Amino acid sequence: MDCFYCGLNAAEEESEHFIRFFQTSDVMIYLHRDQSLPGRFVVATRAHFNDVTEIPEKIYWEFCLLAHRFGRAAKITFPETLKINWALCGNAPESHHPHLHILPRHVGDRRWPDFFLDYVDDYWPQGDPRYYTVIEKLIANSS
Ligand SMILES: [Zn+2]
């Protein structure tokens with residue numbers, strides 16, 4: 001498969017960088033394993049599109065609505081969060097698939113208040129219960 005996100009959508013729930021924790025028929029949501037920004041997650045379309053403008057409106061609204069809903073949940077779950085930054089990506093040849101990084105930002109994070117998209121990859125181990133605690137809280141606070 002030549003698209004990272006198409007591969008991710010078809011793969012096991014937990015992978016090198018992400019844990020899939022919510023999905024609809026059109027949208028997938030992944031907790032980023034970099035939790036140095038508590039609650040960080042990624043929203044991706046289930047189907048492949050080359051650009052966000054190619055997403056049918058119904059799917060686009062769901063994509064944005066779920067980013068908003070779980071971003072609000074991250075803010076509730078982690079009250080130190082001051083701002084939710086969105087980064088709509090999909091330029092790189094290996095991941096040319098619309099995906100949105102949701103970055104919960106707080107004073108004292110590694111580059112506050114500047115924007116950034118990189119990650120710290122000293123992840124908790126795969127299967128670490130701390131990931132699932134974050135996921136439970138995000139889901140509970142998303143309704
Ligand atoms: Zn794709």
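Predicted model: local features only at pLDDT ≥ 70, side-chain atom pairs only at ≥ 80, totals over all residues.
Local features here need pLDDT of at least 70 and side-chain atom pairs 80 or more, while totals for chains, interfaces and linings use all residues. Residues are numbered from 1 along each chain as its sequence is written, and side-chain values use heavy atoms, leaving out hydrogens and water.

**Exercise 1.** Find the protein donors of the zinc ion and name their arrangement.

*Solution.* 
- Step 1: Look for donors (N, O and S atoms within 2.8 Å of the metal, or 3.2 Å for Na, K and Ca; water is not among the atoms, so sites may look incomplete).
- Step 2: Cys 3 (SG), Cys 6 (SG), His 48 (ND1) and His 97 (ND1) lie 2.0 to 2.3 Å from the zinc ion.
- Step 3: The angles between the four donor atoms are 107 to 116 degrees, so the arrangement is tetrahedral (four donors with all angles between 85 and 135 degrees).
- Step 4: Along the chain, the donors follow the spacing C-x2-C-x41-H-x48-H.

**Exercise 2.** Is strand E3 mostly covered or uncovered, and which strands pair with E3?

*Solution.* 
- Step 1: Strands (E) are DSSP runs of at least two residues, numbered from the N terminus.
- Step 2: E3 spans residues 41-45 and is mostly covered, with five of its five residues buried (under 20% relative accessible area, 1.4 Å probe, protein chains only).
- Step 3: Phe 41, Val 43 and Thr 45 point one way from E3, and Val 42 and Ala 44 point the other way.
- Step 4: Two strands pair if DSSP finds at least two bridges between them. E2 (residues 27-32) joins E3 through five bridges, running antiparallel, and Leu 31 stands opposite Phe 41.
- Step 5: E5 also pairs with E3 in the antiparallel sense, over four bridges; there, His 101 is the bridge partner of Val 42.

Technical notes. Tetrahedral: all angles 85-135°; square planar, octahedral: opposite > 155°, others 65-115°. Buried < 20%, exposed > 50% of the residue type's maximum accessible area, 1.4 Å probe, protein only.
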